[in-house]
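Trainee: I would like to learn how to read a structure file feature by feature. Please take me through one.

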Amino acid sequence: MRLFPSAFFCADRVGFEKKKGTFLASEPILRSPFRLGALEVTPSRNVIARDGSEFRLEPRVMDVLCVLAGAEGEVVSRESLIESLWVSEFGADESLTRAISLIRKTLREAGEADPSIETIKKRGYRLVLPVSGSAPFASATPSETHPESAPIAEATKRQHEALFDPQAQRVHWLFPLAALGVLVVAAIAWFQRSHEITESWASATTTPSVVVLPFEALSDDDSDAYFGLGIAEELLNALARFPDLDVVARTSAFARDNADLNQTDLGDRLAVDHVVTGSVRRGKDRIRISSQLIRTADETSLWSNTYEFDAADLFEIEDTIVREIAQTLQVQLGVGAAADRVENTGINQSAYDQYLQGLTLWGDRMRENGNRTEALAAFQRAVAFEDNFADAWASLGTLAVYSVGSPLAKDRAAFTRMTEDALSRAIELDPANAKAHAALVVFHVTQDLDIAKARFHLEQAEAAAPNAATTHYAAVWLNRVLGDADAALAAIDRTIVLDPLNSILTLVRATLLMEMGRTDESMAALEACFEAQCLGEGFVAFASAAAVFSGEQQYLDRWRPRVDAFEKVLESIPDNAKPVVASIMPAFTSIRYQRDDADAQISRVTAMFNEQVVTDTPGIWGPTFATFLPQETFMDVLHAAYDRGDLFSSTFSFSPFYGVNPYPQWVLEHPRYRALWEKPGMKEVADAWREKGLVAGLPTAKAAVTD
């Protein structure tokens, strides 16, 4: 193959075949300077210069510019750029899009008017600026990719293995959600950005705004165009639910002439500071969907990702994509669950990438098997990379606070130390960190029942971030343990307004409604969640327990086959790969659903409790087990639950005390039950409940014996 005289290639051993518009990986490359219009380009230094001012590009971005320059004004296809510069590297598609955006931005900053690079729809890119100058061939040093990856990976491994074995701790007892596995594997590439974190946040307006454009169909299948419209439509609807985000309506967002504008002009036209774009490409039995978030002020790509699926169920793919992208945009735009983030000046980029990955996995923890474990690992990597990252420490502590009943906390003492250390470190670095204060509210409500400290940290969270979802969610827990159901309901409703895509809040609200006696509302919400597959993991166990507590046959009949199917899955999972409570829940359902094996289950669980005391989620099964366990054994359970921080630590923890699923009378009259309420924090809780008229779960004097 013959190289054209003005070809200036920077990538390692890459050549361009002008006639075919493709690359061959067998040619030498050029590294000498050349001129691009009025600019001087020095590939070896990754610099573009004009009138004494220098503008720098990343090595890989410079490679793209050099290849386009070497094409002499011809169109270069995306496929050939990716194949030659990224080979099989994951995330290449979105990385190329980002590279083009950065080149355009840098050329504008250097004084060149748009368009500097022309996008040829469904073909590729063409460099518009004239190229001049020539140079001899030179050997090149390949562009370095992720130079920090090796030491970071080793640091991550050391810290993660110090406390947890991710393979042994994976939560396998859940209902898997099809089509999401590839997303977990690919998560580490989701949030690639090279610009400084503070630069992207500094340009954010008080109320961020966004327009979602139709996802472009890159294949010849006409149905892909409608599929791309459908993704954009559903994503627009999802984002429009956030009160702290301005979203352009469909009519303006889908206007035909939007496609003729660059991102800056589009931002000016629609008065938005962010644009979400995407593409759909189908090939044989696979479908690839790419998306990115672009800041309109300078056309910088803030986030991009590519998803691949088997093209079997387009509706399921659409649901998955919309949910994943919407959750990510919460973080990138600082809305919903991410509204309380603080500015992390100078944070290591790799640490920030891991932090974002952890937030997305954590937000999806009850939909996909293993996400809780993967989220923990991501946050641990973030703080291993950057010890001064307050938000990462706060997120690590938050995950731990809400995971005391999971397999992650099998070593409870070590897990509690990690929780306290993480939240203490976050407050040390950032005394006004709202997320850390919110997590400490829940910690003191559940772990040591220190109501005074819980109130203090809620005040701090409210002062720092009064409109953050995490702040209001912390208020749910404090009000619930103090018996103020109305205040707890108001707080959960406000949390849902601020974080409408968080399906876990649906479960929390439904259990609160059940405890308040609003049975039909509770069961309707749980039914809708089940039909929409809004949650996976242990959702069926919680929902079927709600059906039991309702006492209504219609709900028992509806949920019985579902819980039967769920328990079939549990039977196939080894005991060491699921929470201990999963081994005793079948006894609860057998007794309350009056199944034929109820007596056998009672015998099995009684023998099990003679060997170990289980304290996870006692608010669900405790009152039922109190009818058959030896009294002293059951009192051991309640006292151990208090000591371990399990008495008020999970969904339905409060049901026996709110009068739903109550303890039998013998429990309320037992001396050791009265002694339980003399422990630190318990008397204050009892006083608060009596003030609200809630006495169902409080100790009572033994009835006098009469003739």
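Trainee: What should I know about the origin of the coordinates and the numbering?

Mentor: This is a predicted model, in which local features need pLDDT of at least 70, side-chain atom pairs count only at pLDDT 80 or more, and totals for chains, interfaces and linings use all residues. Residues are numbered from 1 along each chain as its sequence is written, and side-chain values use heavy atoms, with hydrogens and water left out.

Trainee: What is the mean pLDDT of the chain?

Mentor: pLDDT is the predictor's confidence in each residue, from 0 to 100. The chain has a mean of 78, and 80% of its residues reach 70 or more. Over residues 1-9 the pLDDT stays under 50, and the model has 39 contacts for them beyond four places in sequence (contact: heavy atoms within 4.5 Å). Residues 11-30 also have pLDDT below 50, with 65 contacts in the model beyond near neighbours in sequence. Where pLDDT is low, the predicted coordinates should not be read in detail.

Trainee: How many helices and strands does the chain have?

Mentor: Helices (H or I, at least four residues) and strands (E, at least two) are DSSP runs, numbered from the N terminus. The chain has 31 helices and 16 strands. Of its 707 residues, 60% count as buried; buried means under 20% relative accessible area, exposed over 50%, and partly exposed in between, with a 1.4 Å probe and protein chains only. Among contacts in the chain with a separation of 6 or more, 67% are between residues 24 or more positions apart.

Trainee: Which strands form the open sheet, and in what order?

Mentor: Two strands pair if DSSP finds at least two bridges between them. Five strands form the open sheet, in the order β6-β5-β4-β3-β10, with antiparallel pairing. Its edge strands, β6 (53-56) and β10 (131-132), each pair on one side only. Within the sheet, β3 (residues 34-36) and β4 (residues 39-42) are joined by three bridges, and Phe 34 has Val 41 of β4 as its bridge partner.

Trainee: Which strands pair with β11?

Mentor: Strand β11 (residues 209-212) runs parallel to β13 (residues 246-247), with two bridges between them. β11 also pairs in the parallel sense with β14 (residues 274-283), again over two bridges. Val 210 stands opposite Val 247 in β13, and Val 211 stands opposite Val 275 in β14. Both faces of β11 are covered: Ser 209 and Val 211 are buried on one side, Val 210 and Val 212 on the other.

Trainee: Is Leu 245 buried or exposed?

Mentor: Leu 245 counts as buried because its relative accessibility is 5%. This residue is in the loop between α8 (222-239) and β13. Leaving aside neighbours within four places in sequence, the contacts of Leu 245 include Ser 209 and Val 210, as well as Leu 333. Leu 245 and Leu 333 are 88 residues apart in sequence, yet 8.2 Å apart in space, C-alpha to C-alpha.

Trainee: How many residues of helix α24 are buried?

Mentor: An α-helix has 3.6 residues a turn, so residues three or four places apart point the same way. In α24, ten of the twelve residues are buried, including Val 581, Ile 584, Met 585 and Phe 588. Cover for the buried residues of α24 includes α22 (539-550), α23 (553-571), α25 and α26. Helix α24 (residues 581-592) reaches 16 Å from its first C-alpha to its last, close to the 16 Å expected at 1.5 Å a residue; the expected span is 1.5 Å times one less than the number of residues. Just after α24, Gln 594 takes a positive phi of about 55°.

Trainee: How many aromatic pairs are there in the whole structure?

Mentor: A pair of aromatic rings is described by the distance of the centres and the angle of the planes. Rings of Phe, Tyr and Trp (its six-membered ring) pair if their centres lie within 6.5 Å; planes under 30 degrees apart count as stacked, over 60 as edge-to-face and the rest as tilted. A search of the whole structure gives 25 aromatic pairs. In one of them, Phe 609 and Phe 625 have ring centres 6.0 Å apart and planes at 80°, so the pair is edge-to-face. Phe 609 lies in α25 (residues 598-611) and Phe 625 in α26 (residues 618-625), 16 residues apart. Both Phe 609 and Phe 625 are buried.
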